Amino acid sequence: MMKRLRFNRPSTPPKSGVTLEEISARVGHLKILKLDEFIELGESTVIPGELADCGKLKEVNLKDNKLTDKRLLKLVNQCRSKQILDYVKLHCPKCISSVEVDKSKKGKKNQKLSESENTSEVDNLTHKLRILKVTDSTPVIKVTNKVKTVRPYIVACIVKNINFTDASFKKFIQLQTKLHDGICDKRNAATIATHDFKLIAPGDLTYTAMPPTELKIKPLMRNNTYTAIALFQQLQTEAENLRKEKKRNVYSGVHKYLYLLEGKPLFPCFIDNSQQVISLPPITNSDVTKMSVSTDTMLVEVTSTISYIICRNVLDEFLKELVILGFTDTCKQKETKKYNNLIVEQIKVVDTEGNMKLVYPSRADLNFDDHSIIIMREQQMT
């Protein structure tokens, strides 16, 4: 069994140093022994080879020890410390077995693995937003010339692996309201519309404009299909009745956005491949593609009368809020997990001839100053 080391200062040491009254093979691990110190061995008779591992030692005093190695004893009486340590290194056996060395190496290896795991753990202390590039099956949005004079700009993407609870779905609705009142400037700058992607007819989408007498939609939270003009008039009547009932000169809900379309000869609309209107921005979505707690894949579109930059900025903010609030993958995460993952698939916007106007998200998008979100991009389109 290895003896324990005890460190004692000599009563009148010739130099700064330490006295080892007992020595073990662990001496080679003593980092406290520096160049300007020496080691004096008190009662040791066998010098372990590990002593030579103290490479920073300047002096070693082995005199007055009853050393069993006669050649070493002769060197101690005749030579300097360097020759003594060289001899110890070459001729004195090390006391730690090869098994212990292997364990030590294994321990270092495990330590490295642990450090790697810790690094990975640190990397995991961030939200992750993964961008999937456009595929052949991804729907394309075709923008017609008719919408240019009404509300010409649209940006969209697909959000995957959503998993709502009743509570989180309520927060999701509240998020859209907050953004409409904030970054969207009460829908004057832009409007966000969300759809259950699986309820949309497969195929490409069209963003266009139609006369309100021809455009038909089943509005969100309503049972009947209306022409846009009939819906507009219905909402105006409801708004006036509510204003009188509440005895206030303000409107609420979608009623307060009616002025954005009032008097326009064409209304903007978003149409799926079956020619069904799924969105009438900036007023309402279709009830046919409405979001619900069971939605797991979402199409989100942002439209604007101002610019594509506004649309991009609003959608950037929307996706940022989604990943931070954790509306995705919640069924696979522990409730205590703080960091979330969001998967977004790009969508192309083209003109009627197929010329690409933009793809979102591109490398120019989602460049947050918030370092708690990592953007993981597949190879982007050129």
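Is Tyr153 buried, partly exposed or exposed? Tyr153 is partly exposed, at a relative accessible area of 23%; buried means under 20%, exposed over 50% and partly exposed in between, with a 1.4 Å probe and protein chains only.

This is a predicted model: local features need pLDDT of at least 70, side-chain atom pairs count only at pLDDT 80 or more, and totals for chains, interfaces and linings use all residues. Residues are numbered from 1 along each chain as its sequence is written, and side-chain values use heavy atoms, without hydrogens and water.

Nine aromatic pairs occur in the structure. Rings of Phe, Tyr and Trp (its six-membered ring) pair if their centres lie within 6.5 Å; planes under 30 degrees apart are stacked, over 60 edge-to-face and the rest tilted. Tyr153 and Tyr308 pair edge-to-face, with 4.9 Å between centres and 75 degrees between planes. This pair links distant parts of the chain, 155 residues apart. Its two members sit in these elements:

| Residue | Element | Residues of element |
|---|---|---|
| Tyr153 | strand β7 | 153-160 |
| Tyr308 | helix α6 | 308-325 |

Helices (H or I, at least four residues) and strands (E, at least two) are DSSP runs, numbered from the N terminus. Elsewhere, ring pairs join Phe164, Phe169, Phe172, Phe318 and Phe327 into a cluster.

The lining of the largest pocket draws six residues from α4, the most of any contributor. β8 (191-196) and α5 (228-246) are among the elements that each supply at least two.
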